[in-house]
Amino acid sequence: QVQLAESGGGLVQAGGPLRLPCAASGRTWGNCAMGWFRQAPGKEREFVAAISWTGGATNYVDSIKGRFTISRDNAKKTAYLQMNSLKPEDTAVYFCAVRFGAPMSFRQYDYDYWGQGTQVTVST
């Protein structure tokens, strides 16, 4: 079992930054891809970003390219989502997820474990 805990969410003005950590605990950590997803009110959960085990490969949804950066620190068992130039349409609950023994993916069904999510609200 793996437990994932997102943090760093909150209320921010449009144009501002937020950094979301996702800390993992539990089973032996290794050979896993990590992803970030979000779910806005009344909408389905959508892919935001993913990163490979080594961090050498990343993938982003087009709507956040150039504004968000995914990274990871395997020694700390933590992934990060740095969000800059936030927009009101970025308002959502943000979830991190982990996928063991397989490449990173934009499909939520490919992921094995999920965090509980953290709320990000961007005001105008």
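I took a disulfide to be a pair of cysteine sulfur atoms within 2.5 Å. This is a predicted model, so I kept local features to pLDDT of at least 70 and side-chain atom pairs to pLDDT 80 or more, while totals for chains, interfaces and linings use all residues. Residues are numbered from 1 along each chain as its sequence is written, and side-chain values use heavy atoms, with hydrogens and water left out.

**Cysteines**

By that rule I count one disulfide. It joins Cys-22 to Cys-96, with S to S at 1.9 Å. The torsion about their S-S bond is about 55°, so I noted the disulfide as right-handed. Cys-22 sits in strand S3 and Cys-96 in strand S9, 74 residues apart, so the pair links distant parts of the chain. Strands here are DSSP runs of E, at least two residues, and helices are runs of H or I, at least four, numbered from the N terminus. Both Cys-22 and Cys-96 are buried (under 20% relative accessible area; exposed is over 50%, partly exposed in between; 1.4 Å probe, protein chains only).

**Thr-91**

I next looked at Thr-91, in the loop between strand S8 (78–83) and strand S9 (92–100). Thr-91 is buried, at a relative accessible area of 17%. Its side chain reaches the backbone oxygen of Pro-88 at 2.9 Å, and a polar atom of that side chain lies 2.9 Å from the backbone nitrogen of Val-122. Leaving out residues up to four places away in sequence, Thr-91 touches Ala-40, Pro-41, Gln-119, Val-120, Thr-121 and Val-122 (contact means heavy atoms within 4.5 Å).

**Strand S1**

S1 (residues 2–6) has Val-2, Leu-4 and Glu-6 on its covered face, and Gln-3 and Ala-5 on the uncovered one. I see S1 paired with S3 (residues 18–26) in the antiparallel sense over five bridges; pairing needs at least two DSSP bridges. Gln-3 stands opposite Ser-25 in S3.

**Whole chain**

I find eleven strands and zero helices in the protein chain. The C-alpha atoms fill a box of roughly 40 × 25 × 25 Å along the principal axes. Of the 124 residues, 43% count as buried. Among contacts between residues at least 6 apart in sequence, 59% join residues at least 24 apart.

Terms used:
Polar contact = N/O pair within 3.5 Å; in protein donor to acceptor, adjacent residues only side chain to side chain.
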